[in-house]
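Hi everyone, thanks for coming. Could you bring up the model on your screens so that we can walk through it together?

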Amino acid sequence: MRLLADLHTHTIASGHAYSTFTENAQAAASRGLELIAITDHGPSIPQGAHAWYFWNLKAAPSVLDGVRVIKGCEANISDETENGIDLSDVVLEALDFVAVGFHPTTGFDQQDRVRNTEALLRAMANPFVDMVTHPGNEHEFPLDLEAVVAAACEHRVILELNDHSFAPSSARAGSGDRESEFAAAARDAGAPVAIGSDAHYALHVGRFDAAVAAAEALGITEDGLVNRNAASVIDFLLAKRERPRLDVGGTWVWPKVGTEAP
Ligand SMILES: [Zn+2]
Ligand SMILES: [Zn+2]
């Protein structure tokens, strides 16, 4: 299969990634991708981007080198905020795409499956949340697979099949099998699935051979993946809710008249 969209890429704004917004878009163009999402880490991980970074993504172009660039985040599940996510709903609503996931040092390092699942289900019920990143990280952040898949169906939240989870060098090394279990269960239940590179350097953008091989081994085809091309991504997102800034050319519309920056 050939996938033309990558919904999970990081830039230097994540603090531990090494390419820029522009370099990621250029890399996507050179690989023939139609669309990428810029999904930098939320503020609760060390050197994660500040809320203002996400708020001001309007300043960056929506199309670069012919690649549609959607402005997103990989926010953290949080037990310290009102909405259970480390970015406010005001910021999430203004983004084109909202991914959430568990990461070390953000309050969930106890490997408590029940607590993790409750916190994630709460986030998935938030209408601004579009995708759960690397749900198969069983060793660090165990989850109740059936409950998460059911919530993904109910709220139309994508469960990611994360390419980096298959890499031996990954912090999540060894979680590929569990990642595949989530993808298979999601497919069987009719929940949306997407493959993401989780690139922390531009040359990884749009490269997801390991995750594609895992999907093919499960019998998942392009038609079963949200990120097959730009149109399939945008159709999915707009079916969920209005995206005030999902626009072309770097111009944008203020989400609500009178809204102040957080
Ligand atoms: Zn992540
Ligand atoms: Zn990531």
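Before I go on, some housekeeping. This is a predicted model, where local features need pLDDT of at least 70, side-chain atom pairs count only at pLDDT 80 or more, and totals for chains, interfaces and linings use all residues. Residues are numbered from 1 along each chain as its sequence is written, chains are lettered from A and ligands numbered from 1 in the order in which they are written, and side-chain values use heavy atoms, leaving out hydrogens and water.

Back to Arg 156. You'll find Arg 156 in the loop between H5 and S7. Those labels are DSSP runs numbered from the N terminus: helices are H or I with at least four residues, strands are E with at least two. Arg 156 has a positive phi of about 55 degrees, although it is not a glycine. Most residues other than glycine have a negative phi. Asp 198 is another one to look at, with a positive phi of about 60 degrees, and it is not a glycine either.

Now the metals. Which residues hold the zinc ion (ligand 1)? Glu 74 (OE), His 103 (NE2) and His 134 (NE2) coordinate it, at 2.1 to 2.2 Å. Donors here are N, O and S atoms within 2.8 Å of the metal (3.2 Å for Na, K and Ca), and water is not among the atoms, so sites may look incomplete. Along the chain, the donors of ligand 1 follow the spacing E-x28-H-x30-H. His 103 sits in the loop between S5 and H4 and His 134 in the loop between S6 and H5, so this pair ties together parts that are 31 residues apart in sequence. Both His 103 and His 134 are buried.

The zinc ion (ligand 2) has its own set: His 8 (NE2), His 10 (NE2), Glu 74 (OE) and Asp 198 (OD), at 2.0 to 2.2 Å. His 10, in the loop between strand S1 (5-9) and helix H1 (21-30), and Glu 74, in strand S4 (residues 67-76), are 64 residues apart, so to speak a link between distant parts of the chain. His 10 and Glu 74 are both buried.

Why is the arrangement around ligand 2 irregular? Its four donor atoms subtend angles of 82 to 172 degrees, which makes it irregular. For reference, four donors count as tetrahedral if all angles lie between 85 and 135 degrees; four count as square planar and six as octahedral if opposite donors are over 155 degrees apart and all others between 65 and 115; anything else is irregular.

Here's Asp 198 again, in the loop between strand S8 (193-196) and helix H7 (209-217). At 3% relative accessibility, Asp 198 counts as buried. The side chain of Arg 172 makes a polar contact with the side chain of Asp 198 (3.0 Å). A polar contact is a pair of N or O atoms within 3.5 Å; within protein, one must be able to donate a hydrogen and the other to accept it, and residues adjacent in sequence count only if both atoms are side-chain atoms. The side chain of Arg 172 makes another polar contact, with the side chain of Asn 162 (3.0 Å). Arg 172 is itself buried, at 9% relative accessibility.

Last stop, helix H4 (residues 113-124). Its buried residues are Asn 116, Thr 117, Ala 119, Leu 120, Ala 123 and Met 124. On the face turned away from the buried side, H4 carries the exposed residues Val 114 and Glu 118.

Conventions. Buried < 20%, exposed > 50% of the residue type's maximum accessible area, 1.4 Å probe, protein only.
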